[in-house]
Amino acid sequence: TTTTPEPPAPSNPPNPTPTTPPPTTTPPSNGSLPKHALIGYLHASFLNGSGYLRMADVPADWDIINLAFGEPTSVTSGDIRFKLCPATECPNVESEADFIAAIRAKRAAGKKVLLSIGGEKGQVQLTTTGARDAFVSSVSAIIDKYGLDGVDIDFEGHSLSLNTGDTDFKNPTTPVIVNLISALKSLKTRYGAGFVLTMAPETFFVQLGYQYYGSGPWGGQDPRAGSYLPVIYAMRNDLTVLHVQDYNSGPIMGLDNQYHTMGGADFHIAMTDLMLTGFPVAGNTSNMFPALREDQIAFGTPASVNAGGGYVAPAQVQQAVSCLVKNTNCGGYTVRSGTNPNFRGPMTWSINWDKFAGWEFKNAHESFLNGLG
């Protein structure tokens, strides 16, 4: 939903090929979440060129529906608000009662409906414990009011950044990172095993961490580089799905130490393999970011050419999924993670844009995912 900054100029890229660290997580309680899921965002609070879509009219193919977006009252308040698109913008918006009833029906059908927090305009910086507590209480109030399954963290722009000297992703010290982790753990504790937690970071904040982490040992690098890694690591036992936005991205280095560019199967394969294999943060083999479980990993792709830079046609999306699941038809990239039969599937921005494009994404991938077994 926004443009990722270009990575810093390459300097001494890491050379070692990492070994696969053992999984360190235990399966979450995902209820009826299918083995391979179709995940999408619903523009619930705003209107753009794709048009408004009522919750009741979202096709049953969508397994996880992320409501875009919950946004803060100010950048540092931690006070998250969500409300339906105003009728002045969206004349066909349903009533709040109908919206809540439609969410209840989706959940009764086994679907997961989450509040997505952040987005392009919703900068969230939990700089204080007061902001952290406001975040927990305000997000809980939204979950309870609308009857949701959990939250999606879609922090973009300048929401997350590492302070100078904060170099260990396993033990972060930056307040916005520490407070976000604490807030998410509080929400998990409050709602228990059924709480669904997903994240939609941009590549700059995750995979770029293979080369750069924060401002670096000598300063001068973008302090946002890799800044999602401590959050993902801290929540690894509670994370349902991580679906990095493989779009609106600059070139990012893969485990083959080559730069990969968005817009094709290769980018999805290389970026996802980093998460399925694990990697040395900033090239330091004594500081390994461990692989996540297969079922915790998806990748994000635009639903149409209108939805964002880096659109990939259905055939190439399916090539990437087949490569990651079966380790076949991988093009020129050698997958380090081997086969990943429990890979969760594709996420798209967005359900609205897919409808605008004649449901190309849904129609192509639902039956394909079901056929993977």
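This is a predicted model: local features need pLDDT of at least 70, side-chain atom pairs count only at pLDDT 80 or more; totals for chains, interfaces and linings use all residues.
Biologist: Why is Gly226 called buried?

Modeller: Its relative accessible area is 0%. Buried means under 20%, so Gly226 is buried.

Biologist: Where does Gly226 sit, and what touches it?

Modeller: Gly226 lies in the loop between strand E6 (196-199) and helix H4 (229-234). Not counting residues up to four places away in sequence, Gly226 touches Phe204, Phe205, Val206, Gly209, Tyr212 and Tyr213. Val281 is 55 residues from Gly226 in sequence, with 8.5 Å between the C-alpha atoms.

Biologist: How do you know that the length of helix H3 agrees with what 17 residues should span?

Modeller: At 1.5 Å a residue, helix H3 (residues 175-191) should span 24 Å. Its end C-alpha atoms are 24 Å apart, so the two values agree.

Biologist: What do the buried residues of H3 pack against?

Modeller: They pack against helix H2 (129-146), strand E5 (150-155), E6 and H4. Among the buried residues of H3 are Ile177, Leu180, Ala183, Leu184 and Leu187. After H3 comes Gly192, with a positive phi near 80 degrees.

Biologist: What makes a space count as a cavity here?

Modeller: A 1.4 Å probe fits inside but cannot get out. There are 2 cavities of 30 Å³ or more. Strand E7 (241-245), helix H5 (265-277) and strand E12 (297-302) each give two or more residues to its lining.

Biologist: How many residues of each class line the two cavities?

Modeller: The lining of the largest cavity has 7 nonpolar, 2 polar and no charged residues. For the second largest cavity, the lining has 2 nonpolar, 6 polar and 1 charged.

Note on methods
Residues are numbered from 1 along each chain as its sequence is written. Side-chain values use heavy atoms; hydrogens and water are left out. Helices (H or I, at least four residues) and strands (E, at least two) are DSSP runs, numbered from the N terminus. Buried means under 20% relative accessible area, exposed over 50%, partly exposed in between (1.4 Å probe, protein chains only). Contact means heavy atoms within 4.5 Å. The expected span of a helix is 1.5 Å times one less than its number of residues. On a 1 Å grid over the protein atoms alone, a cavity is a set of points where a 1.4 Å probe fits but cannot get out, and a pocket is an open set with protein on both sides within 12 Å along at least five of seven lines; lining residues have an atom within 4 Å of a point. Grid points are joined across faces, edges and corners, and a volume is the space filled by probe spheres set on the points. Ala, Val, Leu, Ile, Met, Phe, Trp, Tyr, Cys and Pro count as nonpolar, Asp, Glu, Lys and Arg as charged, and the others, Gly among them, as polar.
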